Structure formats: C-alpha cells, structure tokens
Amino acid sequence: MQIVEELLNGSRVALARAITAVENEYDEAVDIMRQLYSHTGRAHVIGITGPPGAGKSTLTDKLAKEYRNLGKTVGIIAIDPTSPFSGGAILGDRIRMLDLTLDEGVFIRSMGTRGSLGGLSRKTSEAVKILDAFGKDVIFVETVGVGQSEVDIIKTADTTLVVLVPGLGDDIQAIKAGILEIGDVFAINKADREGADRLQIELNAMLDLNQEHMDWRPPIKRTVANQSEGISELVETLEEHIAYTHKSGGLELRRTQRTKSELLALLHEHLSRRILGKLDDAGQFETLVASVERRERDPYSVVGQILNDLMK
Ligand SMILES: Nc1nc2c(ncn2[C@@H]2O[C@H](COP(=O)(O)OP(=O)(O)OP(=O)(O)O)[C@@H](O)[C@H]2O)c(=O)[nH]1
Ligand SMILES: [Mg+2]
C-alpha cells in the first residue's frame with residue numbers, strides 16, 4: 001500500500017491521512033493497520049488525564065518540548081470528549097501548541113468523539129499505533145478524566161500521569177474514585193495557587209491507603225505548567241516510571257493484557273457482525289425477535305441455535 005510505504009518513509013502527509021482513515025472508518029483503514037502492525041511496539045505511550053482545565057494541554061506542550069530537548073520525537077493525541085472537531089476547546093489546544101507544530105519532530109492531532117465514545121478508545125489506540133509505526137519515541141494521549149470511557153482510553157498508555165490542581169475542595173473525593181487508581185505519576189499543577197500543600201497531603205494520604213498492592217508508589221510532583229516550572233523534574237519522574245515498568249516486567253504484563261483485550265474486542269466485533277450479517281440476509285433476525293417476543297421461544301435456545309448453525 002502506497003500510504004503505508006510513504007508513512008514508513010517519514011511522510012507526515014501520509015501519517016495524517018492514515019489517522020483520518022482510522023478516525024472516519026474508511027475501508028482502507030483495516031489494511032493500513034494490518035500492514036503497520038509489525039512496525040509497532042517501540043514507542044512509549046504516556047496518558048495524561050485530569051479534570052477539565054487542570055492544565056493538561058499546557059503541561060503536555062511543555063513535556064513535549066522537554067522530550068524534544070532530550071532528542072526524542074513526540075506524537076500528541078488530544079481527545080476532546082465534549083466538543084466536535086471544529087470546537088473551541090480544540091482550537092484553543094491548537095493555538096496553545098502552535099509553536100510546537102512548527103517542529104518537524106512533533107506531530108499533534110486532536111480527535112473528537114462524534115457521539116461514539118466506545119469506538120473512540122479503539123480509534124485512539126489505532127492512532128497511537130500509527131504514530132508508533134511512524135517512529136515517534138514518545139506518544140502523549142490527553143483526555144479529560146471524567147468517566148469510564150476516558151479510563152478505557154488511558155488503558156492504551158504505558159504510563160499514566162494524573163494532573164490535579166489545588167482548590168478542587170471536596171471534588172477530590174469524586175475524582176479519587178475514578179482516576180486515583182490509574183495514576184502512575186501525579187502532578188499537582190497550578191502549584192502557584194493556594195492549596196497545593198493541602199492537596200499534596202490529601203493525595204499522599206489517599207495513595208498510602210491504596211498502597212498494599214503496589215511496589216511502585218506513585219510520586220507526586222508539583223508544576224506550574226504555564227511558567228515551565230517543575231517540567232524537567234516531572235520528565236525525570238516519568239522516565240523513572242518507564243525504567244521501572246521495563247525492569248519489573250510490568251510493561252510486558254500491561255501490553256500482554258492490552259493485546260488480549262484488543263484481540264477479544266476485535267473477535268467479538270467480527271463475530272457479531274458476521275452472525276448478524278447472515279441472519280439479516282435471510283431476514284431471520286426479525287423473525288427470531290418476534291418469536292421470542294411472543295414467548296414461543298426463549299432467547300437462550302435461540303442463541304444456542306444460532307451458534308450451532310454457525311459452527312456447522
Ligand atoms: N495559574 C496557572 N495557570 C495555569 C497553569 N497551567 C495552565 N494554566 C492555565 O490554565 C488554563 C487551562 O489550561 P489547559 O492546558 O487548557 O487545561 P486542560 O486541562 O488542557 O483543559 P481541558 O483540555 O479543556 O480540560 C489556561 O489558561 C492555562 O494557561 C499553572 O500552572 N498555573
Ligand atoms: Mg486540554
């Protein structure tokens with residue numbers, strides 16, 4: 001495939017087109033992914049999540065620059081779960097990251113949900129693989145950490161950075177449930193604001209409660225992203241986590257689990273598509289639904305029969 005060849009030869013145009021293909025589910029997307037797959041597995045993926053407005057994009061921008069200074073190439077995928085593609089938030093991200101986009105070693109892409117959060121986690125993981133195959137050393141995925149879908153997206157990451165800010169008050173209780181467990185590293189951003197000490201104490205207390213199953217105690221770093229404060233220390237800490245996941249076998253474990261669940265999800269999707277396709281062709285599905293509805297048949301034996309027919 002020409003697009004794959006061009007991408008592997010470093011064409012940013014081909015890279016952008018491949019992500020668009022995946023995002024819009026063009027027919028060629030599957031072939032692209034198939035051919036790129038053997039070139040993936042080299043990049044380190046860092047998920048960045050946290051409440052809206054915590055400074056995630058600002059921080060990502062600064063982290064990307066720091067990694068560039070270290071000689072690494074960077075990919076950034078910013079997920080915006082609320083606004084559509086042309087939305088203000090994304091435009092904001094674009095402007096904020098504008099000087100980064102002038103750097104050939106950085107590739108930035110926003111992805112919108114278009115009402116399909118479930119599909120988004122797969123599309124994100126495919127976009128990550130495309131950037132990986134392209135040769136990016138570090139790939140950031142930014143999401144607003146609010147719900148299960150974002151947690152699913154973050155599962156594509158090797159290292160997860162949770163960004164919190166002072167002044168959330170009791171909100172930290174709510175945040176705790178969702179994203180505290182997935183944080184490998186914590187940043188208290190906007191540390192220039194009042195309440196950073198208190199947040200750090202609370203966060204430490206919560207992490208201590210969580211500690212029994214951990215041999216990696218998530219470190220807490222303070223940053224003032226818009227003033228580039230604490231950035232190199234944060235990168236050092238991220239690198240420590242990366243080194244730790246390599247050494248402890250945790251990375252391998254995470255990646256194996258990810259491969260397993262990706263394979264299962266794909267199998268699930270293709271199986272149901274194939275089965276439904278067959279039933280639909282024969283106009284059978286509606287008939288079966290009607291017979292279950294009338295209590296002439298029960299759903300369990302209907303499913304049993306469908307599977308038996310398929311296996312023949
Ligand atoms: N005072 C202060 N402001 C900051 C800091 N970091 C970022 N900001 C500002 O906070 C605002 C939000 O920053 P973003 O980087 O857009 O935050 P975000 O988490 O990406 O926001 P969403 O993606 O919309 O959830 C911007 O106006 C930043 O300039 C900081 O450390 N201190
Ligand atoms: Mg943002």
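I started with the largest nonpolar core, which has 30 residues. L7, L15 and I130 have the most contacts inside it. I'm keeping in mind that this is a predicted model.

The largest share comes from α7, with 7 residues. Domain 1 (1-39) and domain 2 (40-248) both contribute residues, so this core lies between them.

Then I picked L7 and asked what it touches, leaving aside neighbours within four places in sequence. My list reads A14, L15, A18, L36, I130, A133 and F134.

I also found another core, apart from the one above, with 25 residues. L63, I231, V235 and Y244 are among them.

L63 sent me to helix α4, where it is one of the buried residues. How far does α4 reach from its first C-alpha to its last? I get 20 Å for the 14 residues (56-69), close to the 20 Å expected at 1.5 Å a residue.

Is α4 enclosed or open? Of its 14 residues, 10 are buried, so I noted α4 as largely enclosed by the rest of the structure. The buried ones run K56, S57, T58, L59, T60, D61, K62, L63 and A64, and then Y67.

Last entry: just after α4, G71 has a positive phi of about 85 degrees.

How values were computed: Residues are numbered from 1 along each chain as its sequence is written. Chains are lettered from A and ligands numbered from 1 in the order in which they are written. This is a predicted model: local features need pLDDT of at least 70, side-chain atom pairs count only at pLDDT 80 or more; totals for chains, interfaces and linings use all residues. Side-chain values use heavy atoms; hydrogens and water are left out. A nonpolar core is a set of buried Ala, Val, Leu, Ile, Met, Phe, Trp, Tyr and Cys residues joined through side-chain atoms within 4.5 Å. Buried means under 20% relative accessible area, exposed over 50%, partly exposed in between (1.4 Å probe, protein chains only). Helices (H or I, at least four residues) and strands (E, at least two) are DSSP runs, numbered from the N terminus. Domain bounds come from an automatic or database domain assignment. Contact means heavy atoms within 4.5 Å. The expected span of a helix is 1.5 Å times one less than its number of residues.
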